[in-house]
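Hi,

Here is the structure I promised to pass on.

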Amino acid sequence: MVLEVVGLKTYYRTLGGFVKAVDDISFELPEGEALGLVGESACGKSTAALSLMRLLPPEGKIIAGEVYLQGDDVLRKKESEMRQIRWKKISMIFQSAMNALNPVFRIEDQIVEAILTHEQVSKSEALERTKKLIEKVGMDQSILRSYPHELSGGMKQRVVIAMALASNPKIVLADEPTTALDVIVQAQILKLIKDIQKDEHLSVVLITHDLSVIVQMCDTIAVMYAGKIVERGSTQIIIKDPKHPYTMGMLSSFPSLSRSRYDRLTFIPGTPPNLVDPPSGCRFHPRCPHAMDVCIKKEPKNIELDKGHPVACHLYI
């Protein structure tokens, strides 16, 4: 495995108490494969990604767990050591391309700086690599002299992808990489990521709430709810035979070409819980149509229904 996450817990300190944003999650990522981390907003997906990079804001803290990157636990590394790991072994495509780029520097300078910060190469070598990266993501070298505001949303997203690939990482974390893009540009960006993954034999963690993106991009899925992973398995199994009520609810609320035009979309009632004081037992029980007394009192353990398909639900205990 190129990435193994074991019992990761990340909390935020707030005036109201500790927000248990990521609360004991575990998953694995084989080399060259893509894992989709899916769930509603505020379920902890982005916090999980930032934890893997150790890029949390000051109020965030990893309080437990292990994150093995090619067998090496990055949570035990000093910050000076992490600076050698970020972008060279694991990098990130951030959710908002405009916010990820500095508005007062040209595109060329930003990518060159990223390379020089993490590698011992000359500026001319970094510039040549930058030109190749821009061509790899499907743009002309002429945009290197542009400022971010002179580029479209799709072009800025391609620049961010180029920066994530600048130091030839083994793993790329993509946090909602197509947010705010129209459907045509979204399709182009997803195809670009998929093609690069195949050509470079990259491992990818894709964070999204869009199930159509997951189906197109990912080999496996981890469904996240209220800071926990409630179901995990191959994309084909999860989409065709979901077991956790939350997974079922998400899939039934998503449009499908195979569904009759007379079928009405359903929805999951309520909202995700306050993670300062999450519900007792199963965190999904206040919204679950199958909730039982035991769901209120006892947190479900992961039950492996089939090989590689664990589900945390009392329905199967």
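**Cavities and helix contacts**

The lining of the largest cavity is made up of eleven nonpolar residues and four polar ones, with no charged residues. Before going further, please keep in mind that this is a predicted model.

That cavity holds about 90 Å³ of space. In total 15 residues line it, and Pro 245, Cys 282, Cys 288, Cys 295 and Cys 313 are the ones nearest its centre.

How many cavities of 30 Å³ or more are there? The count comes to two. The second largest cavity has a volume of about 70 Å³. Its lining consists of Ile 93, Ile 161, Leu 165, Val 172, Ile 193, Ile 196, Gln 197, Leu 202 and Val 204. Sorted by class, that gives eight nonpolar residues, one polar and no charged. Which helix gives the most to this lining? That would be α7, with three residues.

That brings me to the helix pairs, starting with α7 and its partner. Helix α6 covers residues 153-164 and helix α7 covers residues 183-200; they pack at an angle of about 15°, and their axes are 10 Å apart. Angles under 35 degrees count as roughly parallel, so α6 is roughly parallel to α7. The crossing of α6 past α7 is right-handed. On the α6 side, the residues in contact are Gly 154, Gln 157, Arg 158 and Ile 161. They meet Val 185, Gln 188, Ile 189, Leu 192, Ile 193 and Ile 196 of α7. Of the residues in this contact, six are nonpolar, three polar and one charged. While you're there, look at Ile 161, Ile 193 and Ile 196: they take part in this contact and are also among the residues lining the second largest cavity.

The other pair to look at is helix α4 (residues 107-118) with helix α5 (residues 123-136). Their axes come within 9 Å and cross at roughly 120°, and the two helices are therefore oblique to each other. Here too the crossing, α4 past α5, is right-handed. From α4, the contact takes in Glu 108, Ile 111, Val 112, Ile 115 and Leu 116. From α5 come Lys 123, Ala 126, Leu 127, Arg 129, Thr 130, Leu 133 and Ile 134.

Cheers

How values were computed: Residues are numbered from 1 along each chain as its sequence is written. This is a predicted model: local features need pLDDT of at least 70, side-chain atom pairs count only at pLDDT 80 or more; totals for chains, interfaces and linings use all residues. Side-chain values use heavy atoms; hydrogens and water are left out. Axes are lines fitted to C-alpha atoms, for helices over the stretch in contact, and angles run from 0 to 180 degrees between N-to-C directions. Helices (H or I, at least four residues) and strands (E, at least two) are DSSP runs, numbered from the N terminus. Angles under 35 degrees count as roughly parallel, over 145 as roughly antiparallel, 65 to 115 as roughly perpendicular and the rest as oblique. A crossing is left-handed if the near helix is turned anticlockwise from the far one by less than a right angle, and right-handed if clockwise. Contact means heavy atoms within 4.5 Å. Ala, Val, Leu, Ile, Met, Phe, Trp, Tyr, Cys and Pro count as nonpolar, Asp, Glu, Lys and Arg as charged, and the others, Gly among them, as polar. On a 1 Å grid over the protein atoms alone, a cavity is a set of points where a 1.4 Å probe fits but cannot get out, and a pocket is an open set with protein on both sides within 12 Å along at least five of seven lines; lining residues have an atom within 4 Å of a point. Grid points are joined across faces, edges and corners, and a volume is the space filled by probe spheres set on the points.
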